[in-house]
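Student: I am new to this structure and would like to go through it slowly with you. Could we look at it together first?

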Amino acid sequence: MRAIKEWGIMLTVLGCQHALPFTAFAAEPRPESATQAPASEEAAASVQLEPLLVDVLFNRRSTGAQLCYRLQDEYWVPFALFLEQSGLQAPEIGKGRISFETTLGTITFDSGSVKLIDRTLCISLSELKKTFLVAGRFNQSAFAIELDVPWHPGRPESHVKKTEPVIPDIKAPGSSLSFLRFEPEITWDFDATPEKNLFFEAGGRVFGGVWDITLEGDPEQSFIPTRYHWTAFSRNLAIRLGTGSSDIYPLIDDESFTGLQFGWNNHNILNQLDFERYSDSDVFLSLDRTQQRSIEGSGPPAAIAELRLDGVVAARQRIGLDGRFRFSNVRMTSDLRKTEVWLFERSLREKPLAILDYTISIMNRSLPAGEILIRGGGGVTGNPLDQSDEPGRLTGFGHIMYGLGNRITLEGGVQHNPDNRSADLMLGSVVSFGGNWAAALYGARSNGRYGADVRLEGHGKHWDVSALSSWQESGFSSDDTERTQDHSLRFSAGILEPFDMLLYGRYSRTGDGEIRKFLLPGLYWTVAPWLMFSALPDDDEKYRYETTLRLGSRSDLSVVYEKQTVTGDWRFDFSRSLIGRFMHSYATKTGDQLSSLYLDWYPGGSRFDLIRLGASRSGSEIGYSAAWSKFINAGLRFSLQYSYNMNNAHQLDTEENFIEDFVETEARHFASFTMTWDMGFSKKRAFPVNRSAISHTRGGLAGSLDIMNDTRLGSSDINDVDILLNGRKLGQRQIDGTFFVGNLRPGVYSVDIDTEKLPLELNVSRNSVKVEVRNGAVTEVNIPVYAEFGVAGCLSDSRGNGVAGVLLEIIDASGAPAGKAITDQFGYYRVDKLRSGTYTLKTPGGESSQQKTFTIAGDFVFDVNLTTP
């Protein structure tokens with residue numbers, strides 16, 4: 001923009017008699033981002049349902065005015081309209097995954113992704129894109145929703161001419177080493193011995209599969225391989241060698257072992273093998289990602305992850321430097337509460353980047369009609385490379401699932417239990433009935449004793465109900481296990497606005513112990529868009545009361561009363577770079593008080609650089625802390641932290657420190673350091689990457705934007721330039737010229753950059769390049785960027801009048817044409833895309849041509865004028 005202003009100023013002083021307005025020659029400015037509404041206002045508006053009477057176009061064919069909806073910044077169209085116009089047969093909603101045959105192949109659709117809006121089943125444009133490969137957009141000028149359907153219903157025709165395979169410009173490497181992760185951690189407790197830990201990971205491709213190994217521990221004491229695998233798969237079959245886990249069903253305890261695992265699916269094994277969110281678990285094929293005791297996922301480094309149960313924040317943590325978050329010991333297998341993780345880039349005041357749903361649903365284990373999944377494995381228990389493990393004993397398991405119909409899935413499994421030398425057996429079924437109900441019944445036999453699970457789910461427009469009953473005989477699983485029974489019920493309804501009612505109950509007993517039973521109501525009350533109140537029961541039959549007050553577009557206040565403690569939490573966004581938070585707790589029974597203040601500073605507004613300052617006070621005790629987290633490039637980052645007497649404030653923020661699960665909470669005075677260095681190898685070169693975005697089913701691209709000629713700009717000036725794959729911006733790290741895009745399925749991608757975000761004088765010589773991606777590998781993509789400038793001036797006659805319509809040509813030092821322009825009505829011209837060097841400006845006319853030599857040296861050149869007879 002500075003250069004454009006210079007053009008406007010300088011052109012007015014060129015040696016021509018006619019004044020010229022700036023807009024006649026100034027380059028068309030690149031569009032700037034529109035001023036955004038405050039995040040809080042966006043969040044408030046996003047929950048409002050907006051009916052839209054719009055024209056819906058299918059492949060540019062109008063279907064007339066249709067009632068569609070805008071909800072949570074997403075557009076929704078009637079699902080029946082989509083099926084009718086696309087020619088697909090209407091399924092029975094609520095019966096799980098459904099397969100549609102199209103000319104592009106089989107499309108598997110999860111019927112639970114539709115939403116009942118105003119008594120109409122609707123599907124979102126993002127779901128149409130993700131599942132049905134249908135591109136959808138809202139055309140504001142035409143006030144219409146446009147859908148592009150690239151297929152027709154029916155099987156692919158055998159006589160259709162096969163398309164020629166796409167030949168990539170850059171092929172994926174076949175090297176045996178694809179990535180390394182090196183993560184040292186050290187903490188100096190000023191009252192104890194320093195704690196050290198080293199985490200090391202490596203992986204790559206060998207023998208047609210993907211290998212990986214993880215080592216962890218104190219290198220001076222015990223540094224052992226904790227996980228190691230080799231994984232290979234085809235469309236229907238997948239096998240793994242290395243550490244593993246049986247993971248049949250929560251009724252039966254998992255067996256960890258080292259050996260062989262396999263899985264076979266008559267449709268596509270990727271349904272159980274490929275996942276968007278990376279996990280370093282030993283579980284090979286995951287049947288239900290929500291059935292776990294730890295909730296983990298990925299998000300922007302140093303962002304905020306909130307675990308919410310029934311809308312209440314149960315835990316909050318700063319996302320790790322590797323972009324990973326993990327909430328441990330969450331009761332997922334028996335918890336009926338709505339379980340979500342909200343991701344915020346910088347501040348809790350912002351609209352969340354994403355809301356990840358981890359709520360348990362029995363429908364997650366259902367299969368489409370006719371689909372069969374067979375899995376099994378065996379080996380020795382534990383990890384033979386870990387000297388602390390007991391000597392390995394033989395174990396093994398087998399597991400089968402079958403979609404008897406679109407409404408019924410049958411399941412069975414057997415596992416050798418090395419502890420009691422018996423066979424654990426499991427049988428079960430998931431059944432859906434009607435459009436809103438589903439049930440599951442599972443029974444198991446372990447150690448000669450029996451156990452059972454019964455689950456029920458129901459969903460309506462304004463209500464949800466879920467129930468779980470579990471029984472286990474004495475001695476189930478092991479001789480010292482007591483008899484247990486546990487029954488839970490959760491019912492929520494939003495019928496009476498602005499009230500959302502909740503009913504939560506539980507009946508449980510272990511052995512001959514005390515019976516715990518309760519049935520308690522709960523309430524969410526939206527008094528106004530800026531004021532909300534809630535009263536919710538917990539498993540201890542105690543209530544948690546919370547009031548949230550939105551004080552403006554940049555500030556809010558919450559007050560919580562729980563366990564005889566009142567806590568106030570005030571958050572304020574001073575700017576995009578500075579965020580403050582003040583908390584005060586008062587114990588009503590003892591009179592104790594605790595105050596804490598945190599300031600988060602993002603220098604320059606960069607999300608890759610964060611400095612946090614904190615202070616706390618409780619009685620006469622004062623504490624303070626400081627932390628600094630910074631990315632050096634796309635793969636190298638570090639964190640420094642110093643804390644004195646801040647453990648008295650830990651209860652207010654769960655895992656809010658930069659370094660988690662490493663610093664002892666009892667430590668009164670400590671300093672700590674963590675560094676994570678991820679390197680990806682493409683052939684023999686190393687590039688900064690994000691290791692967690694490379695897996696046995698997915699790969700990535702790494703490289704840099706390289707400024708190839710002299711300019712005053714540096715790599716820091718192109719930090720925010722997006723890398724586009726097939727025209728779309730995907731999750732990436734773009735830091736100091738280096739970039740990494742991971743989590744990509746194997747294939748050939750068209751790679752280019754978003755030139756709109758390049759500085760004015762930078763351009764690319766090639767708009768797009770085709771790049772191959774292989775699973776478990778990193779492909780090198782270096783994009784050359786050139787600094788290009790321009791020249792401007794005026795062609796006038798001997799009297800000083802501008803000469804219009806003359807073709808001017810520019811020749812470089814070698815005599816080759818470098819550009820041309822036609823003078824306008826005032827005699828002005830302009831030629832762009834000239835790199836630094838010496839050029840000659842010429843008028844037509846052969847030997848009588850007028851010429852002038854000029855030099856571009858890293859900047860635009862003005863006042864290159866010619867006079868012609």
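Student: Is Thr395 buried or exposed?

Tutor: Thr395 sits in strand β23 (residues 394-405), where a strand is a DSSP run of E with at least two residues, numbered from the N terminus. Buried means under 20% relative accessible area, exposed over 50% and partly exposed in between, with a 1.4 Å probe and protein chains only. Because its relative accessibility is 9%, Thr395 counts as buried.

Tutor: Please keep in mind that this is a predicted model, in which local features need pLDDT of at least 70 and side-chain atom pairs count only at pLDDT 80 or more, while totals for chains, interfaces and linings use all residues. Residues are numbered from 1 along each chain as its sequence is written, and side-chain values use heavy atoms, with hydrogens and water left out.

Student: Which residue has its backbone oxygen 2.8 Å from a polar atom of the side chain of Thr395?

Tutor: Leaving aside residues up to four places away in sequence, Thr395 touches several residues, including Glu255, Phe257 and Pro418, where contact means heavy atoms within 4.5 Å. The backbone oxygen that lies 2.8 Å from a polar atom of the Thr395 side chain belongs to His416.

Student: Where does Asp247 lie, and what is its phi?

Tutor: Most residues other than glycine have a negative phi. Asp247, which is buried with a relative accessible area of 18%, is in the loop between β14 (237-245) and β15 (256-265). Although Asp247 is not a glycine, its phi is positive, at about 50°.

Student: What is the phi of Asn447?

Tutor: Asn447 belongs to the loop between β26 (437-446) and β27 (449-459), and it counts as buried because its relative accessibility is 14%. This residue other than glycine has a positive phi, near 60°.

Conventions:
Helices (H or I, at least four residues) and strands (E, at least two) are DSSP runs, numbered from the N terminus. A polar contact is a pair of N or O atoms within 3.5 Å; within protein, one must be able to donate a hydrogen and the other to accept it, and residues adjacent in sequence count only if both atoms are side-chain atoms.
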